[in-house]
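Have a look at the picture first, then read on.

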Amino acid sequence: MVQTMTDSPSMDKCECGAAVGPLGGCVDYYHAILAEEQADPQMYKWHTVVVCAYLLQHPSKAHEKYLDVQFRLLQFYLDKGIDALLRLAAHQVARNKHRARSGYDMAPLAEYAPLPQSGSPGPFRAAFCGLPFKDGSFVSDGHPAYGCRIEIITEATVESWKTLQS
Ligand SMILES: [Zn+2]
């Protein structure tokens, strides 16, 4: 994506519009989450949600062709919950094992809103660089609290994108 003079980020603002936190911009929080969740299966439950929400808040880091599926996955998660999302992910993996060509089964996601085709949705009311990071951890107060914060970021992400719908 081409940056112009007018939309280049300032030093203390992330691409998503949020003020940077103690660790830096959202990209620094994102990498710290990915590192910590590798060693924590309970935290890893939210991996797909974290990836989709991060990319939808920072679309210049994303592959445009996947953003629509990622937007629908976040809506599916908000609608049906984390366990349903994990079952859906397992279903997709199993399905692709039995096919020569891999592809996403869009049927479970068909009822959700497609990604608006134009516009930039930020700022968001909750951002990754606002996540508390205590004692070198994102889950120092427990996994349910962490899950709640990721859910709030997800709601903020979907909400802002939906404002672009005509
Ligand atoms: Zn950001």
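Pro123 sits in the loop between helix H5 (82-97) and H6. Helices here are DSSP runs of H or I with at least four residues, numbered from the N terminus. The model is predicted, with local features needing pLDDT of at least 70 and side-chain atom pairs counting only at pLDDT 80 or more, while totals for chains, interfaces and linings use all residues. Residues are numbered from 1 along each chain as its sequence is written.

Is Asp135 buried or exposed? Asp135 is exposed, with 7 other C-beta atoms within 10 Å. (Exposed means 12 or fewer such atoms, buried means 20 or more, and partly exposed is in between, with C-beta atoms placed from the backbone.)

Now for the helix pairs. Two packed helices are described by the angle between their axes and the distance between the axes. Axes are lines fitted to C-alpha atoms, over the stretch in contact, and angles run from 0 to 180 degrees between N-to-C directions.

| Helix pair | Angle | Axis distance |
|---|---|---|
| H4 (residues 64-80) and H6 (residues 143-162) | roughly 125° | within 10 Å |
| H1 (residues 26-38) and H3 (residues 47-57) | about 165° | 11 Å |

The angle in the table makes H4 oblique to H6, whereas H1 and H3 are roughly antiparallel to each other. The cut-offs are under 35 degrees for roughly parallel, over 145 for roughly antiparallel, 65 to 115 for roughly perpendicular, and oblique for the rest.

Who meets whom? In H4, Phe71, Leu74, Gln75, Tyr77 and Leu78 meet Thr154, Glu155, Thr157, Val158 and Trp161 of H6. Contact means C-beta atoms, placed from the backbone, within 7 Å. In the other pair, Cys26, Tyr30, Ile33 and Glu37 of H1 meet His47, Val50, Tyr54 and Gln57 of H3.

Finally, the largest nonpolar core has 35 residues, and Leu74 is among those that touch the most other members, as are Cys26 and Val49. H1, H3, H4 and H6 each supply at least two residues of this core. Such a core is a set of buried Ala, Val, Leu, Ile, Met, Phe, Trp, Tyr and Cys residues joined through C-beta atoms within 7 Å. Not counting residues up to four places away in sequence, Leu74 touches Val49, Cys52, Ala53, Leu56, Thr154, Thr157 and Val158.

How values were computed. Contact = placed C-beta atoms within 7 Å.
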